[in-house]
Amino acid sequence: MQEMKDNLLEYARMNEQKQYVEKIRSLLLQEGGSPLAYIHSYGCQQNVADGEKFGGMLAEMGYGFTQLPEEADLVLYNTCAIRENAEQRVFGNVGALKPCKRRRPDMVIVLAGCMTQQQHVADKLKRSYPYVDIVVGTNSWEEFPRLLYEKLALGRRYIKEGEELQNAPVIEGIPLRREGRLKAWLPVMYGCDNFCSYCIVPYVRGRERSRPWQLILREAEELVRDGCREITLLGQNVNSYGKGLADSINFAELLRRLNALPGDFIIRFMTSHPKDCTRDLLDAMAECPKVERHLHLPVQSGSDRILAAMNRRYTAGQYLELVRYARERMPDLAFTSDIIVGFPGETREDFEQTLKLVQEVGYASLFTFLYSRRSGTKAETMPDPVPASEKSRWFQELLVVQEKIGQKVLEAHVGKTLRVLPEGVGRSGPGTLSCRTSGNIIVEVPGKEELVGNFMDVEITEALNWALAGRQTDGKK
């Protein structure tokens, strides 16, 4: 239980910040208004979960919320650093706030998250965006209330300088403001130790730290009690869960314990690194009826040479062996993946090996990216002789191949009866429901909105070019 004691020490530090939360609440009440906050999280699901923490703290301070940044008294952008275009979007949106800040000097502009961990970004904000008030990093939960109070009460500006992440603690006890009750993100660990040569995440998120399993189960129980039907476990590499904990528990065992909780709910997870994906994990998925039949297993490339240059620490053959074993245990398992096209030094032959792997696996869908150079990574200095135009042609070729595969995957569902979770009104409008299968595929069915959140069986009647269509078979109308 040592790790629980270590993490619970963070409650004492958070209590200090709660005093600043109360100070801000009192300050806002004295000003007699009902201030509004706008929060936007870029990038991955972990960022979205982090944004829920900022929302929880701001709600306790007395802020309401708006969907329009120009209406807000406080704008918070929770940033992403995974690709260059993500950074450019943030700078563009921050630039668009300049006229708002000129009209309303009391507007508070906050930047947080992965992008701000990079020194060149902090320097650019300090130099070129003087109207940004607070810049904090990815582990800023303790200090945010104090910094906001100092801005509101004293007019102080704060730009982070080199936040230490090497031994960053897992901070518990932060209030959350979730957007809905039906689905929830549940972080189980933070950080990454893999140092893939193209990836900035270990530098901006820090090393791997796991949450105590007792706290994870407690949070899951609370979610299910509150009506949550889908819990997605989050981590930069969930397969490394358990590292640093005194208890001997891995991610497979965590799935088994979550599966044993009472209630009618389903479990998803991401992201899963192939080098740490074990047969024990695949067995746990097969054994646990609440764990959905979907595995997002990023392969990145089908070339062993490129995988080695990426520092992925597995081969295409080892990856395919995992796929074969998983399908032996779960014939209905849906695979999705990430692929980078145009990694430095990639040749046409390397790319063709990726196409071959994609065709062999038969992914339900792919997240495909043109390589984006990241400052501070090993790949930044690698020779890159292939012109961008050629990489773009490869990228389009991959999209065409995957489109055909994905359509076949959809068509294979026609005639089957599947258990789905209705999530909201369908794309076709009122009178239809947008549902999701165990394999994470969208199904649109006729149905009333009050059925949202109630599991139902549907017969798949048609494969569309973006999803499935079906009809209810359980008697609900």
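Predicted model: local features only at pLDDT ≥ 70, side-chain atom pairs only at ≥ 80, totals over all residues.
Three strands make up an open sheet, in the order 7-10-11, and their pairing is parallel. Why is one side of strand 7 and of strand 11 left without a neighbour in the sheet? Strand 7, residues 183-187, and strand 11, residues 266-270, stand at the edges with a single partner strand each, so one side of each has no neighbour there. From one strand to the next, the twist averages 25°.

Now the contact between strand 7 and strand 10. Strand 10 covers residues 230-234, and five bridges join it to strand 7. If you want a landmark, take Leu-186, which stands opposite Leu-233 in strand 10.

Two helices lie across these strands. Helix 8, residues 213-225, lies across strand 7 and strand 10. The angle between helix 8 and strand 7 is about 175°. Helix 9, residues 251-259, lies across strand 10 and strand 11. Helix 9 runs at about 160° to strand 11.

Next, the antiparallel strands. Strand 15 is residues 417-425, and strand 18 is residues 456-463. Four bridges pair them in the antiparallel sense. Thr-417 has Glu-459 in strand 18 as its bridge partner. Strand 18 also pairs with strand 19, residues 468-472, again antiparallel, over five bridges. Here Ile-460 stands opposite Gly-470 in strand 19. How many residues lie between strand 18 and strand 19 in their hairpin? Four.

On to charge. Side chains of opposite charge can pair when their charged atoms come close. This model holds 38 salt bridges.

Glu-150 and Arg-146 meet through their side chains at 3.5 Å, N to O. Both belong to helix 6, residues 144-154, and they are four residues apart, about one turn of the helix. Glu-150 counts as buried, at 16% relative accessibility. Arg-146 is partly exposed, at 24%.

Pair two links two helices. Asp-350 forms a salt bridge with Arg-305, with the closest N and O atoms 2.4 Å apart. Asp-350 is in helix 13, residues 348-361, and Arg-305 is in helix 11, residues 304-309, so the pair ties together parts 45 residues apart in sequence. Buried or exposed: which is Asp-350? Asp-350 is buried, with a relative accessible area of 4%. Arg-305 is partly exposed, at 48%.

The side chains of Glu-321 and Arg-324 form a salt bridge at 3.4 Å, N to O. Both lie in helix 12, residues 316-329, three residues apart, which is about one turn of the helix. Glu-321 is partly exposed at 35% relative accessibility. Arg-324 is partly exposed too, with a relative accessible area of 41%.

Then the network. Which residues do salt bridges with shared partners join into one network? They are Lys-183, Glu-230, Arg-268, Glu-292, Glu-423 and Arg-436.

Let's stay with helix 12 for a moment. It has 14 residues and reaches 20 Å from its first C-alpha to its last, close to the 20 Å expected at 1.5 Å a residue. Its buried residues are Ala-316, Tyr-319, Leu-320, Leu-322, Val-323, Tyr-325 and Ala-326. What do the buried residues of helix 12 pack against? Their partners are helix 10 (279-287), helix 11, strand 13 (334-341) and helix 13.

Last topic: the backbone. Most residues other than glycine have a negative phi, and most peptide bonds are trans. Here are some exceptions to look at. Met-270 and Thr-271 are joined by a cis peptide bond, with omega about 0°. Thr-271 is placed in the loop between strand 11 and helix 10.

Asn-311 has a positive phi, near 65°. Asn-311 is in the loop between helix 11 and helix 12. Its relative accessible area is 30%, which makes it partly exposed.

Asn-440 also has a positive phi, near 70°. Look for Asn-440 in the loop between strand 16 (432-436) and strand 17 (442-446). Asn-440 is partly exposed, at 29% relative accessible area.

That's the tour.

Methods
Residues numbered from 1 in each chain as written. Heavy atoms only, no water. Pairing = 2+ DSSP bridges. Axes fitted to C-alpha atoms, helices over the stretch in contact; angles between N-to-C directions. Contact = heavy atoms within 4.5 Å. Salt bridge = Lys/Arg side-chain N within 4 Å of Asp/Glu carboxyl O. Buried < 20%, exposed > 50% of the residue type's maximum accessible area, 1.4 Å probe, protein only. Expected span 1.5 Å × (residues − 1).
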